[in-house]
Amino acid sequence: MKMHHFTRKWRERTGSPRARKHFLSAAEEDKRKEIVTIGFDSVRVLIVDDELSVRKMLAVMLTQGGVKCSHVSTPEEALDKLQNESFDAVISDLRMGPTSGMDLLEKLHSGYPDVAFLMATGVADVRVGVQAMKQGADDYLLKPFDMDVVLASLGRALQRKQLEREVQNYRKHLESMVAERTQQLEIAMSQLERSYSATLEALGSAIDLRDSATAGHARRVLWYSIKLANTLGGLEDQLKNIAMGACLHDIGKLATPDGILLKPGALSDQERKVMQRHVVIGYDLVKGIPFLAEAAEIILAHHERWDGSGYPRGLRGDEIPLSARIFAVADTLDAITSDRPYRAALPFSAARDVITRESGKLFDSVVADAFLGIPEESWASISTEAATRVISSVFALSDQSLASTPGFHLPLCFPRLHATPERRDA
Ligand SMILES: [Fe+2]
């Protein structure tokens, strides 16, 4: 809004600043300053009053202040006019025959929130005017109108509306900025997780190269574990940890001496102790990596057994993390159904027999029952697919069920290597 000629008119009516000082109180002077800082040149006001004389008088007042005015006699006409024309403010009479300015206020407040509303009322209706303000009016004007008061009130109302628009715009800008930053953060997280995935893939490959006895083993136990976890249910938020733990469960073998890891024939007791240290070494390797902290529990406990006969801590029953109890069944399933130098892979029915026999002894019976409830054909299918499944992003699905996500693939943790001799770490 531009500065208008109100300043000149004000001076014509009040004289010089020194003269004004004599008859203007401090409050009035403040109000004048407020008025003259607002330009009304581009302001459009709609006057609503059922008395033509009042409308015309108010229109003349406002026009002298530089305001462009239109006037109508009923709220209905006002709403029609608002549909077709743009106004900055409405000055409405409170009582207009059968209809009330309060009705117009209600419609204006909901339909035209950017339009300022001043309620005009008689002295006897001051309480109603206050009530109007409580219901959304920006101010109320007492009849008979005083030009200075009307312009001051209009100026304040327009300023308030302008401030509301600025706040609204700022809020929208903030929301937009937050959404943009959130998207950037999600992209960055996605890139970071892909980086993690690549790191895991490299680690997995390194493990497999160290111990060719388990070629393809980690990929299969990973998928077997996921299948069991999904069957047990309620572990959707643990799938990522289970997948990573299965993928890296033997990472500690990177520190096992070749003479022991690759030794043909039986290990001595001392050599077996060295071999068994791979769970603690693996745990120590990854426990400090935040996103692998829970997977580290599987690495540490993947040789624990339900009856306490496992290592390294000899945990029993529920002391063993559920993810590790799941892995134990998956690990045994793969050990039995994989080729060995001294025998060909046994059928899944053989694994079924062993797991049935050891349920409640080596294995958690709940996990064993979940395994036994899945058809052998399903396990065979998972075994076949495990070799060709490739990663899309295991981390992007950390809070989702892998099984229910079409097209999901876990990382290519281990390249396919040769058939292997017997495992040495059990
Ligand atoms: Fe192991």
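Trainee: Which strand does β3 join, and by how many bridges?
Mentor: Strand β3 (residues 89–93) is joined to β6 by 5 bridges, and the two run parallel. Two strands pair if DSSP finds at least two bridges between them. Strands here are DSSP runs of E, at least two residues, and helices are runs of H or I, at least four, numbered from the N terminus. Residues are numbered from 1 along each chain as its sequence is written. Bear in mind that this is a predicted model: local features need pLDDT of at least 70, side-chain atom pairs count only at pLDDT 80 or more, and totals for chains, interfaces and linings use all residues.

Trainee: What stands opposite A120 of β6?
Mentor: That's D93.

Trainee: And how many bridges join β6 to β7?
Mentor: There are 4, with β7 (residues 139–142) running parallel to β6. L118 has D139 in β7 as its bridge partner.

Trainee: Is β6 (residues 116–121) mostly buried or exposed?
Mentor: Mostly covered: 6 of its 6 residues are buried. Buried takes 20 or more other C-beta atoms within 10 Å of a residue's own, with C-beta atoms placed from the backbone.

Trainee: Which residues point which way from β6?
Mentor: A116, L118 and A120 go one way, F117, M119 and T121 the other, and all are buried.

Trainee: Changing topic, where is P144?
Mentor: In the loop between β7 and α8 (147–210). A cis peptide bond joins K143 to P144, with omega about -5°. Most peptide bonds are trans.

Trainee: What joins Y311 and P312?
Mentor: A cis peptide bond, omega about 10°. P312 lies in the loop between α14 (293–301) and α15 (322–337).

Definitions and conventions: Buried ≥ 20, exposed ≤ 12 C-beta atoms within 10 Å, placed from the backbone.
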